[in-house]
Amino acid sequence: QVQLVESGGGSVQAGGSLRLSCAASGGTGSTTVMGWFRQPPGKEREGVATIHTGGISTFYADSVKGRFTISRDNANNTVYLQMTSLKPEDTAMYYCAAARLWLLSLEPSKYGYWGQGTQVTVSS
């Protein structure tokens with residue numbers, strides 16, 4: 001069973017930066033893709049960024065391209081989401097997720113393992 005624990009959320013002003021971390025443990029060898037998702041208040045969960053095990057292939061939602069960067073440290077089983085130029089519309093609960101997929105995907109239903117989430121609030 002894969003366990004995922006997110007950290008690094010907080011409150012920032014628009015234009016600021018945050019780095020989220022996701023520590024994975026327990027059976028991570030069974031997964032090939034990890035992703036970051038977010039759920040704004042009153043809205044559905046949406047994909048933000050995803051990365052393959054090798055750490056080379058990545059895929060981003062259009063809304064965050066050029067502002068967010070996903071990366072992973074396989075030695076420490078940790079995935080990061082560096083967020084820059086934050087906007088108020090980035091405010092959401094951010095979740096880390098893992099899956100065994102051949103292709104990268106931002107579809108939440110394809111991910112079987114989820115963390116508890118970390119809150120990001122961006123004020124204008």
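This is a predicted model: local features need pLDDT of at least 70, side-chain atom pairs count only at pLDDT 80 or more; totals for chains, interfaces and linings use all residues.
1. Next, look at the partners of E9. Strand E4 (residues 33-39) runs antiparallel to E9, and 7 bridges join the two. You can find this pairing by looking for Val33, which stands opposite Ala99 in E9.

2. Strand E11, residues 118-123, is antiparallel to E9 and joined to it by 3 bridges; here Tyr94 has Thr118 as its bridge partner. Strand E10, residues 113-114, is likewise antiparallel to E9, with 2 bridges between them. For that pairing, look for Ala98 and its bridge partner Tyr113.

3. Within E11, Gln119 deserves a visit.

4. What does Gln119 touch, once its neighbours within four places in sequence are left aside? Its contacts are Gly9, Gly10, Thr91, Ala92 and Met93. With Ala92 there is a polar approach: a polar atom of the Gln119 side chain lies 3.3 Å from the backbone oxygen of Ala92. The side chains of Gln119 and Thr121 are also joined by a polar contact, of 3.4 Å. As for Glu6, its C-alpha atom is 9.7 Å from that of Gln119, although 113 residues separate the two along the chain.

5. Now for the rings: the structure holds 4 aromatic pairs. One of them is formed by Phe37 and Tyr111, in an edge-to-face arrangement with 4.9 Å between centres and 70 degrees between the planes. This pair links distant parts of the chain, 74 residues apart: Phe37 belongs to strand E4, while Tyr111 sits in the loop between E9 and E10. Phe37 is buried, because its relative accessibility is 0%. Tyr111 is buried too, with a relative accessible area of 4%.

6. Finally, step back to see the cluster that ring pairs make of Phe37, Tyr95, Tyr111 and Trp114. Which residue lies over the face of Tyr95? Look for Arg45, at 3.8 Å from the ring centre of Tyr95. Arg45 also lies over the face of Trp114, where the distance to the ring centre is 4.7 Å.

Note on methods: Residues are numbered from 1 along each chain as its sequence is written. Side-chain values use heavy atoms; hydrogens and water are left out. Two strands pair if DSSP finds at least two bridges between them. Helices (H or I, at least four residues) and strands (E, at least two) are DSSP runs, numbered from the N terminus. Contact means heavy atoms within 4.5 Å. A polar contact is a pair of N or O atoms within 3.5 Å; within protein, one must be able to donate a hydrogen and the other to accept it, and residues adjacent in sequence count only if both atoms are side-chain atoms. Rings of Phe, Tyr and Trp (its six-membered ring) pair if their centres lie within 6.5 Å; planes under 30 degrees apart count as stacked, over 60 as edge-to-face and the rest as tilted. Buried means under 20% relative accessible area, exposed over 50%, partly exposed in between (1.4 Å probe, protein chains only). A charge sits over a ring if NZ of Lys or CZ of Arg is within 6 Å of the ring centre and within 35 degrees of the ring normal.
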